[in-house]
Amino acid sequence: MSAGSRFFVFGGDESLDGPGEFTFRALNETHGRLKLIPPLSQTVPQAVVVPSMVTLIQYEEAADVLVSDVGFLDNGYHAHGYQNGFNYDPASSLGIPDDGAVRVRNSTNITIQRCAFANLGGAGVVFEHSSSHSAVLDSSFTDIGQSAIMAIGNSTTQPHHLSLVNNHMSKLGRVFISAGGVYCSACPDTLIEANHIVNVPRWGIHVRSQQGFDANGTEGWSSSARTRIVGNRIEHAGQSSCDFGGLSVIAYSGAPSENSTIAHNGVRDTYGAKTFIVSGGDGEARGQLVSPYMSFGVYLDNEASGYTLDSNVIVNTERASIFYHYGHDNVVTNNVLVNASNTADKDGQIEIVGQVNYTRNNVFERNVVLWGDTLTRALWDGSVANTKGDVYLSSAQDNAYIFYGTGNATDSETVCEDFYANAALTPLGNWSSWTEGGYDTNSMVVLTHNCDGTRNRPYDGPWASADATADTAADARGGHERGGLNFCLGAALSAQLREGLGIGPIPSATCDFSQRW
């Protein structure tokens with residue numbers, strides 16, 4: 001126990017040193033001992049109420065219920081921070097703690113609307129045991145001990161047809177850090193839309209399809225197929241854990257395509273943190289806290305397949321903005337990816353890995369990627385094929401890669417070498433080797449300065465001066481098509497991000513965008 005440690009001792013009488021602090025110790029089922037330093041403005045209380053009820057409302061085999069404009073405060077929790085598996089319910093594992101203030105079991109058409117959940121020891125709302133056609137709408141979740149909304153089940157008990165829309169979730173996982181805004185161990189045919197999720201210890205949204213067992217011990221597969229994750233805003237995820245995505249989906253070996261959509265989401269400032277219990281392989285000292293560490297923007301984890309990622313904005317991750325991890329038939333189009341830092345000297349702006357006879361038909365087209373120099377120096381990292389003939393990445397075309405090097409906007413020679421002569425730029429080597437391999441032959445590279453002193457069209461990049469030439473500005477205003485990519489998006493990208501990234505003035509542009517960050 002020392003400064004910077006992420007391990008804490010709770011409930012010790014010795015730690016009481018200020019007004020309002022207390023410790024509580026349960027002696028048995030009916031008696032306990034409370035030590036309290038009263039607030040300065042109060043006398044010693046004659047009676048104290050300690051919350052002990054975990055579930056405040058439970059619906060079981062119910063239908064057609066509306067819960068509206070209700071506050072849920074100060075419930076307790078059973079779980080004490082231990083996770084075993086991922087909620088196969090019931091199965092060989094207990095899963096992530098799911099002590100919900102509201103539980104919906106084997107029920108249909110239950111709507112929770114305009115409710116406030118605050119200062120909870122456990123989760124907010126838990127759907128389980130085949131609950132369906134239910135919704136959580138326009139509600140707030142603040143200072144929650146576990147996840148805000150959970151949908152848990154196995155192949156025979158999975159909830160389905162849920163709508164989780166327009167909720168605000170902040171300061172989650174206060175008791176148990178493997179938590180998120182929305183956590184689904186199974187939730188097929190579910191809509192997760194327009195939620196604002198901020199300050200979470202792990203995921204913003206996490207959706208799983210997984211192997212498990214039913215109540216009779218028979219092996220089965222839960223599913224989150226046909227899920228739509230649309231228009232959510234996730235900020236400051238991964239404050240206490242690593243190996244996750246701000247928006248994360250996961251499957252299993254041999255999983256079918258999910259036919260799911262991830263679109264128009266904003267994922268920003270995804271951190272990741274790890275304390276090394278033993279010395280790390282990269283020189284980390286025993287007990288050292290490293291952050292940011294091993295975070296992804298969108299994590300297509302463990303064979304997650306059949307996802308369409310369209311028109312998302314991902315800004316400031318550690319490992320990669322998007323990670324294709326073993327899956328197939330994932331189509332990534334029209335996204336804006338900005339600044340994966342690679343501070344742990346691993347991965348690139350986009351990461352792809354595959355497995356024999358499985359990974360195939362992954363696509364990356366019409367995206368904008370903006371980044372500077374990193375430790376790995378990689379734009380693409382991983383592998384795009386294997387020696388057995390499997391091609392993991394079937395197409396990368398019509399993209400815009402905006403590279404600003406080390407930030408020295410006056411040194412065009414260095415910027416050009418850092419990009420074009422960089423053997424670590426892609427899994428195939430430098431840019432020439434990448435294009436000779438058939439990738440990005442119709443894509444655009446925009447540097448801070450051209451290598452030959454001429455302008456980059458259709459505009460001079462995000463650092464172009466306000467008095468850019470008329471044809472350049474016209475191209476930007478009109479969304480000049482170059483390689484299938486609308487470069488009006490490039491101009492708008494720099495306009496939206498220049499303040500946060502410290503980027504200078506840009507050419508004027510008048511564009512119509514359905515998605516702004």
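This is a predicted model: local features need pLDDT of at least 70, side-chain atom pairs count only at pLDDT 80 or more; totals for chains, interfaces and linings use all residues.
Q: With which residue does Arg 33 form a salt bridge?
A: A salt bridge is a side-chain nitrogen of Lys or Arg within 4 Å of a carboxyl oxygen of Asp or Glu. The partner of Arg 33 is Asp 13, and their closest N and O atoms are 2.8 Å apart. This pair links distant parts of the chain, with Arg 33 in strand β2 and Asp 13 in the segment before β1, 20 residues apart; strands (E, at least two residues) are DSSP runs, numbered from the N terminus, as are helices (H or I, at least four). Asp 13 is partly exposed, with a relative accessible area of 21%.

Q: How many salt bridges does the rule give?
A: The count comes to 14. Among them, Asp 143 and Arg 174 meet at 3.2 Å, N to O. That pair also links distant parts of the chain: Asp 143 is in strand β11 (residues 140-144), and Arg 174, 31 residues apart from it, is in the loop between β14 (168-170) and β15 (180-184). Asp 143 counts as partly exposed because its relative accessibility is 22%, whereas Arg 174, at 54%, counts as exposed. Glu 318 and Arg 319 form a salt bridge with closest N and O atoms 2.9 Å apart, and both residues are buried.

Q: Which residues are linked in a network of salt bridges?
A: The network links Glu 60, Asp 98, Arg 103, Arg 105 and Glu 128.

Q: Which residues form the nonpolar patch on the surface?
A: Patches are made of residues with over 30% relative accessible area and no salt bridge; like charges are joined within 9 Å, and nonpolar side chains (Val, Leu, Ile, Met, Phe, Trp, Tyr) within 5 Å. Here Phe 22, Phe 24, Leu 34 and Leu 36 form the patch, with about 360 Å² of accessible area together (Shrake-Rupley method, 1.4 Å probe; for residues, only the protein chains shown count as cover). Strands β1 (22-26) and β2 (32-36) each give two or more residues to the patch. Leu 36, in β2, is partly exposed at 35% relative accessibility.

Q: What lines the largest cavity?
A: Rolling a probe the size of a water molecule over the atoms shows where empty space is left. A cavity is a set of points, on a 1 Å grid over the protein atoms alone, where a 1.4 Å probe fits but cannot get out; lining residues have an atom within 4 Å of a point. The structure holds one cavity of 30 Å³ or more. Its lining consists of Trp 371, Gly 372, Asp 373, Thr 374, Arg 377, Phe 403, Asp 418, Asn 422 and Leu 425.

Q: Where is the residue Asn 342, which has a positive phi?
A: Asn 342 is not a glycine, yet its phi is about 55°. This residue is in the loop between β33 (336-340) and β34 (350-353), and at 0% relative accessibility it counts as buried.

Methods: Residues are numbered from 1 along each chain as its sequence is written. Side-chain values use heavy atoms; hydrogens and water are left out. On a 1 Å grid over the protein atoms alone, a cavity is a set of points where a 1.4 Å probe fits but cannot get out, and a pocket is an open set with protein on both sides within 12 Å along at least five of seven lines; lining residues have an atom within 4 Å of a point. Grid points are joined across faces, edges and corners, and a volume is the space filled by probe spheres set on the points. Buried means under 20% relative accessible area, exposed over 50%, partly exposed in between (1.4 Å probe, protein chains only).
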